[in-house]
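Take a look at the protein below.

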Amino acid sequence: AKLINAFIFAFGLIVIIYTGAELFTGNCLIAISLLEKRVTALSMLRNLVIVYLGNFAGCALVAWCCVVTERFDLAGGALAVSTIRTAVAKCSLSFSDAFILGIFCNALVCLGVVCGVTAKSAAGKAVGAYLPVCIFVICGFEHSIANMYYIPAGLFANALPVYGEAAAKAGVDTAALTWANFAVNNLIPVTLGNIVGGAGL
């Protein structure tokens with residue numbers, strides 16, 4: 001299941017590279033332009049903040065839509081239980097673990113961006129972006145933008161009795177699944193780690 005997830009997940013970065021869309025984690029590479037004095041620190045910060053907020057709005061909206069349109073009913077509700085379990089695990093990380101996993105993740109994502117944008121052909125861009133992202137998913141590293149979908153999706157699903165009860169029956173302890181833990185245990189340290197990993201690369 002993790003391999004299939006990795007193979008599918010990587011298409012997200014390929015689409016971003018093809019379309020020129022904005023992704024916070026990839027935009028940490030603006031640090032290169034800063035070092036080359038082609039942008040200012042303020043313009044880099046402005047870009048990162050706006051893109052971060054836009055990515056969050058998009059991810060949370062998609063998560064909410066998936067829950068309210070009953071997409072999580074797939075496989076008899078197993079998708080809802082799996083999403084809640086994933087969200088709980090992410091909200092249960094220590095600050096240091098989330099930070100370090102965020103560093104490793106975005107070093108690989110930005111490596112994928114660099115390989116993708118430097119390729120000359122469409123196929124080369126896809127191949128260049130594909131493998132680093134597959135590796136980060138397989139390794140279980142933490143991506144702040146992906147988590148902006150997974151954790152709210154788990155929170156929204158758990159708030160519905162049908163999904164919350166299914167998760168409880170499956171033995172998922174949802175005590176750690178709160179908006180506060182989402183922010184403190186995951187989003188803040190993972191975002192910081194993503195910045196270090198991406199800008200560091």
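## Overall build

The protein has 10 helices and 0 strands. Both are DSSP runs numbered from the N terminus: helices are H or I with at least four residues, strands are E with at least two. Along the sequence the pattern reads α-α-α-α-α-α-α-α-α-α. The radius of gyration is 17 Å, close to the 17 Å that the globule rule gives for 201 residues, so the protein is as compact as a globular protein of that length. This radius is taken over C-alpha atoms, and the rule is 2.2 Å times the number of residues to the power 0.38. Along the principal axes, the C-alpha atoms fill a box of roughly 55 × 35 × 25 Å.

This is a predicted model: local features need pLDDT of at least 70, side-chain atom pairs count only at pLDDT 80 or more, and totals for chains, interfaces and linings use all residues. Residues are numbered from 1 along each chain as its sequence is written, and side-chain values use heavy atoms, with hydrogens and water left out.

Of the 201 residues, 43% count as buried. Buried means under 20% relative accessible area, exposed over 50%, and partly exposed in between (1.4 Å probe, protein chains only). Take contacts between residues at least 6 apart in sequence: 84% of them join residues at least 24 apart. A contact means heavy atoms within 4.5 Å.

Ile17 sits in helix 1 (residues 2–19). Is Ile17 buried or exposed? Its relative accessibility is 16%, so Ile17 counts as buried. Leaving out residues up to four places away in sequence, Ile17 touches Gly112, Val113, Gly116, Val117, Lys125 and Ala129. Ile17 and Val114 are 97 residues apart in sequence, but 9.9 Å apart in space, C-alpha to C-alpha.

## Two pockets

Rolling a probe the size of a water molecule over the atoms shows where empty space is left. On a 1 Å grid over the protein atoms alone, a pocket is an open set of points where a 1.4 Å probe fits, with protein on both sides within 12 Å along at least five of seven lines; lining residues have an atom within 4 Å of a point. Points are joined across faces, edges and corners, and the volume is the space filled by probe spheres set on them.

| Pocket | Volume | Top helix in the lining |
|---|---|---|
| Largest pocket | About 690 Å³ | Helix 5 (78–91), 7 residues |
| Second largest pocket | About 450 Å³ | Helix 1, 6 residues |

The largest pocket is lined by 26 residues; closest to its centre are Asn5, Thr86, Lys90, Val137 and Tyr150. By class, its lining has 14 nonpolar, 7 polar and 5 charged residues. Ala, Val, Leu, Ile, Met, Phe, Trp, Tyr, Cys and Pro count as nonpolar, Asp, Glu, Lys and Arg as charged, and the others, Gly among them, as polar.

The second largest pocket has 18 lining residues, and Phe9, Gly12, His143, Ile145 and Ala146 are closest to its centre. Its lining has 13 nonpolar, 4 polar and 1 charged residues.

## Cysteines

How many disulfides does the structure hold? There are 0. A disulfide is a pair of cysteine sulfur atoms within 2.5 Å. The closest cysteine sulfur to that of Cys115 is in Cys110, 11 Å away, too far for a bond. For Cys139 the closest is in Cys105, at 10 Å, again too far. Cys115, at 32% relative accessibility, counts as partly exposed. Cys139, at 44%, also counts as partly exposed.
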